[in-house]
Amino acid sequence: MTIVEIGLPKRLVEMTLDGESVRVPEGATILDACTAKGKSIPTLCYGDTLKPANACRVCMVEVEGSRTLVPSCSRKVEPGMVVHTDSERTQHSRKLVLELLGSATDLSTTPHVDEWMSACGADPSRFGPEAETKLQPTIVDNPLYVRDYGKCIMCYKCVDACGDQWQNSFAISVAGRGFDSRISTEFSTPLPDSACVYCGNCIEVCPTGALSFKREHDKREDGTWDESAQTQTTTVCTFCGVGCNLTLHVQDNEIVKVTSPHESTVTHGNLCIKGRFGWQHVQNR
Amino acid sequence: MSRRKKTEPYVRLTQPLVRDAGILRPATWDEALDRAAEGFRRNVAKNGPDAFGMFSCARATNEMNYMAQKFTRAVIGTNNVDSCNRTCHAPSVAGLAKVFGSGGGTSSYQEIEDADLIVLWGSNAREAHPIFFQHVLKAVNKGAKLYVVDPRLTSTGRWAHKWLRLNVGTDIPLAHAIAREIIASNLINRSFIERATEGFEEFVKAVEPWTLPVAELETGVPAELIRELAHAYAKADRGQLSWTLGITEHHNGTDNVLSLINLALLTGQVGRYGAGLNPLRGQNNVQGGGDMGAIPDRMPGFQDITDPDVTAKFNAAWGSNIQARKGWNLTQMLEAMERGDMTTVYIIGENPVQSEADCEHTIKRLSNLDHIVVQDIFLTKTAQMAHVVLPAAAAWCETDGTFTNSERRVQRVRKALNPPEGARDDIEIMSQIAERLGAPWQHMTGEKVWDELRSLSPLHTGMSYQRLEELGGIQWPCPSEDSLEPSFLHGRLWEEDPVKRGMPATFSPVLHSPPVDELTEEFPYRLTTGRRLDSYNTGVQSAGFESPLRKGETLDLSPQDAEKLNVKAGEEVQITSRRGQIQAPVRIDDGLTPGLVFMTFHFPDEIDVNIITIEATCPIAGTAEYKAAAIRIDKLPVKVA
C-alpha cells in the first residue's frame, strides 16, 4: 500500500532580507519571507494556491553570490541567504520586464500594475508603435465566461488551475510554440464544445482579466462596473453540503461577481458552476 | 400524463398571500400573520398539538432551525418537526448515531487528502460534490488509491483505479462479502475489535453465507474485484469510506449504512486521523438542521428527547413543557395527514410537492389539510397549495447566521444583500407568529439565537461568532471556548482506559433486502435517479442561471438498450411505472449497462420524474427508495403530421 506523506513540523531558517535578520520556516520562499515582513513584491504569475510557474519574471530579487537574479516566488530560503529586493539591479530588471509585458499586452485591467510601473519608471511606449499590443477579438461563446487574449501574459495559472493542481478538467492548455504559443481549448473549439465545466477557477486566478466573468465584462463594456461602489461579503454557498465559502461582490444590491477566499480550508479559492454562477435566483425580483 | 412546459425561473415573493374562496390573493403582513396564527390555534385547539407539523428548512441557517424546533416544541407543544434530511441522509444520521452515538461524518476534508485509500460508494461526487472531490483528487494525485462502487460508470467512476459495478440495491451483499473476505483472510484489526466493539461473533455468522462467488452472483461484481477491495481497505493505513444517496435512498437505507460502518469496525478504519466514515451531505445546512434539533427525536446537539434531564434543562430555559417523547418524522407526518391526524403544517423553505417520491400522492395528502402556511422565497408548487404564503429572505445571502457542512464545520453566513422589499427574515416572521400565539418572543438576531443554542448544546458551547470568524469555522464537537477537539470523531474508541473508551461500537448483522419495486416482464428496466453538475434538486434555485452544460431532463439508456428498443438519441419515449407515466427524450450513455436507466429530478415543471418513483421507505429513517424504480419504456407511435 502506498504510504502518503503527511508532513512533519518545520524548523526555522535564518536569512538576511534587505539588511534585516529574518527567521522563516524551512521550505518557505523568499516571497513568503517578504510577505511575513510586510514587504510588497510585485507578482503576476505567482498564485497563493498554485505551484510557482516562474513565467512572468516581475518578482525577481537579488541573492548575494548568485550570478543571476532569482524569482522570489519559487526560490526557497536557505540558511544565511542575503537577499536584496530593492537594489538597482532588481529595479532595472523589474522596469524592463514591465515594459516588455506592457508593450505587448493590454494591462488595462491588471490590478496594481500602474503603481509598479511608476515606482520603477517603466515606460512601455518607448519601444515605439511597432511593438504595440495587437488587439484580438474577445471570445464570447457562452453565457458565463469571456476570453480576451489580448490581455494574456501566458502565465499558465489558468492551465494549472484547470489541470492537476485543482480542477482536473484539463479543458485548456498552451498550444503552439515560441511566438505562436497561446492558451487554447483542445483544437481551439468553442468552450461549450470543450471539456470546460464552468467552475470559473481559471478566472479566479487570472492576474490580468484576460479571463473574466460575462457579468463583469458586460458591466465594464457599458460603463457600469464600479469597484469602489462594491462590497465584498463572505458567506456560505446555498447548494450542496460541502460548505464552500463564497465572497459575494455586491454593487447596488446586486451580486455582480463571486469569488472564494484562497485561505478557506474547504475551497482553497475553488468553486463549482453552481457556487460561482448559481446566485441569480435571489435577485429575480 | 404530465404536462410539458419550459421551466421558467421563479421570481421572488415580495407580498404575503392569503387564500380566500379558493384563490390566493395579496394581503398585508398583519393580515397574513394573523391568519397564519389563527389557523394554527384553531387546529391545535380542536385536535391537540400533535395535529401540527413543522417542515423546517435544510437551506436555512442553524439559527432558523433552532427557532423552528423551539417554536414547534415550546409554542405549539409537539415534537412533529423534521426537514428534507428525510429524503436524503436521514439513514446516515440514524446509522452513525446508532453505532457511535452521534450522527455526523467522522473526518475532515484535510484528512481525505491525507488518506491512502478512498472508497466512494453510491456517490457521484465529481458532479454532486465537486469541491469535496477536489480533496479526493489531491489524494489521488499524491498516490492514494480510489475505488468507486456504483451501478453507473459516472464521471467520478472514470477517476477510479477500480470501478465496482454492482446491481442496484445489492449494497449489503457486497459489503458483507468484503467483510467475510477480510475475516477469512485474517485481515481484521483484532485488538480494535476486542477493545472497542461488540457483537463480532454474531456478525461473523451473518456474513458467513456471502462468499465471493455467491456475492458475485447477487451483486454482479466479479469476485476478484471484491477480494481486491477487501484486501486494499483492510491493509490501508488511512482508509476513507464515503457514501451518498446511492446508499441511503433505498427502502433499507439505514441497513445499508450500517453494513458500511461494519467494515470500518472490522478494520479499525475509524477514530484515527485520516481514517473515517463520511456521508456527503446534499444540502448546505442539512447537517445543521439535524444538529439544531429540527428532527423529531433529538433536542439540539443530538440530546435525547426521552431523557428527563434533557427536557428539564430545556423547559427551565424556555419556560415550556416539552413532551418527552419522539414526534413524527416527515414520512410519518405525511401518513398522518392521510389518516386525518395531522391537520395543519408550517412549511419553511421546503418543496415536498416536487421533492417527495410519488408526488401525486403527496399532493393528495396536503390537500387533506385544514391550514397550510408556507414561508419561502418563491411561490413554489407547494406554496401554491398554501392557505397563507409568507415571503422570506434568502438565508445564505440576506441573513446573518451559521451553516454546518459535511465535515461538521460550523461556518458564518453573512448578510451581503438586502432582501427585496416586502420579504422578511425567517426568524422575525416566526417570532411574529409566536407572539400572536401568546408566546412572549422578542425578535432576536442571529448571534443572540446562537448564544442561546450554545448555552443549551454542549456540542456547540465553544463556538462564539467571534471564534468562528477567527478560525474560519469550527468543527463540532466544541465544548469549550479555550480549546479545539481533533478534526476526527470517536478517537475515544482507541483509548486504553475502558472508562475513556466509553460505549462500545456494535456490529450490525443486517440482512439483504432487494428493491421493493420488482423487475418483471411488464416493468423490466431499473430506473435510478441522481444529480447533474450544473443543476440542483427540483431546480427552483438552479433554473435561475443560464448554464452551457444544461441539456434538460432525459432518459439515459445504454447503447444496447437503445438498439433493442429501436430508439435514437433525442427521441421521445413513454416511461411507465406502477405509479404513473411520463414522456422524456432519450440520451445514450455508455456508462450504463443494459437494463439500467437514469434520470435526474431537476426539471419537474417539464418532466416530473417523481411521478414514477416509489415511496417505499426505510422503516428506521423514513427515506424513500428513489434509487430503484421498475419501469417500462415504450417507443411512441410516429406522429402523423
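## Close-up views of a predicted two-chain model

**View 1. Domains 2 and 3 of chain B.** The C-alpha centres of domain 2 of chain B and domain 3 of chain B are 26 Å apart. The model is predicted. In the domain assignment, domain 2 of chain B spans 90-280 and domain 3 spans 525-635. Domain 1 of chain B is assigned in pieces: 17-83 + 329-398 + 425-435 + 443-475. Between domains 2 and 3 of chain B, 23 residues of domain 2 contact 23 residues of domain 3. On the domain 2 side, the elements giving two or more residues are helices H3 (90-100), H5 (125-128), H12 (245-248) and H13 (253-267) of chain B. That side holds 9 nonpolar, 10 polar and 4 charged residues.

**View 2. Where chain A meets chain B.** Here 48 residues of chain A are in contact with 57 residues of chain B. Strand S10 (230-236), strand S11 (245-251) and helix H7 (273-277) of chain A each give two or more residues to the chain A side. S10(A) supplies the largest share, 4 residues. By class, the chain A side has 26 nonpolar, 19 polar and 3 charged residues.

**View 3. The two domains of chain A.** Chain A is assigned domain 1 (1-131) and domain 2 (145-283). Their C-alpha centres are separated by 25 Å. Domain 1 of chain A puts 16 residues into the contact, and domain 2 of chain A puts in 18. The domain 1 side divides into 8 nonpolar, 5 polar and 3 charged residues.

**View 4. Helix H2 of chain B.** H2(B) covers residues 62-76. Its 15 residues reach 20 Å from first C-alpha to last, close to the 21 Å expected. A kink of about 25° is centred on B:Lys70. Of the 15 residues of H2(B), 15 are buried, so the helix is largely enclosed by the rest of the structure. Just after the helix, B:Gly77 takes a positive phi of about 95°.

**View 5. Nonpolar cores.** The largest nonpolar core has 271 residues. The members that touch the most others are A:Cys158, B:Ile118, B:Val136, B:Ile178, B:Ile226 and B:Leu260. Leaving out residues up to four places away in sequence, B:Leu260 touches B:Trp121, B:Ala175, B:Leu241, B:Trp243, B:Ile247 and B:Leu277. A second, separate core has 7 residues, including B:Val410, B:Ile474, B:Trp476 and B:Cys478.

**View 6. A cis peptide bond in chain B.** Most peptide bonds are trans. The bond from B:Trp476 to B:Pro477 is cis, with omega near 5°. B:Pro477 sits in the loop between strand S18 (474-475) and helix H23 (498-501) of chain B.

**View 7. Positive phi at two loop residues of chain A.** Most residues other than glycine have a negative phi. A:Asn54 has a positive phi, near 55°. A:Asn54 lies in the loop between helix H1 (30-36) and strand S3 (60-63) of chain A. With 16 other C-beta atoms within 10 Å, A:Asn54 is partly exposed. A:Phe170 also has a positive phi, about 55°. The loop holding A:Phe170 runs between helix H4 (157-162) and strand S7 (172-175) of chain A. A:Phe170 has 14 C-beta neighbours inside 10 Å, so this residue counts as partly exposed.

**View 8. B:Gln560 and B:Gly595.** B:Gln560 belongs to helix H24 (residues 559-565) of chain B. B:Gln560 is partly exposed because 14 C-beta neighbours lie inside 10 Å. B:Gly595 is 35 residues from B:Gln560 along the chain, and their C-alpha atoms are 9.0 Å apart.

Key
Residues are numbered from 1 along each chain as its sequence is written. Chains are lettered from A and ligands numbered from 1 in the order in which they are written. This is a predicted model: local features need pLDDT of at least 70, side-chain atom pairs count only at pLDDT 80 or more; totals for chains, interfaces and linings use all residues. Domain bounds come from an automatic or database domain assignment. Two residues are in contact if their C-beta atoms, placed from the backbone, lie within 7 Å. Ala, Val, Leu, Ile, Met, Phe, Trp, Tyr, Cys and Pro count as nonpolar, Asp, Glu, Lys and Arg as charged, and the others, Gly among them, as polar. The expected span of a helix is 1.5 Å times one less than its number of residues. The bend at a residue is the angle between axes fitted to the seven residues ending there and the seven starting there. A residue is buried if 20 or more other C-beta atoms lie within 10 Å of its own, exposed if 12 or fewer, and partly exposed in between; C-beta atoms are placed from the backbone. A nonpolar core is a set of buried Ala, Val, Leu, Ile, Met, Phe, Trp, Tyr and Cys residues joined through C-beta atoms within 7 Å.
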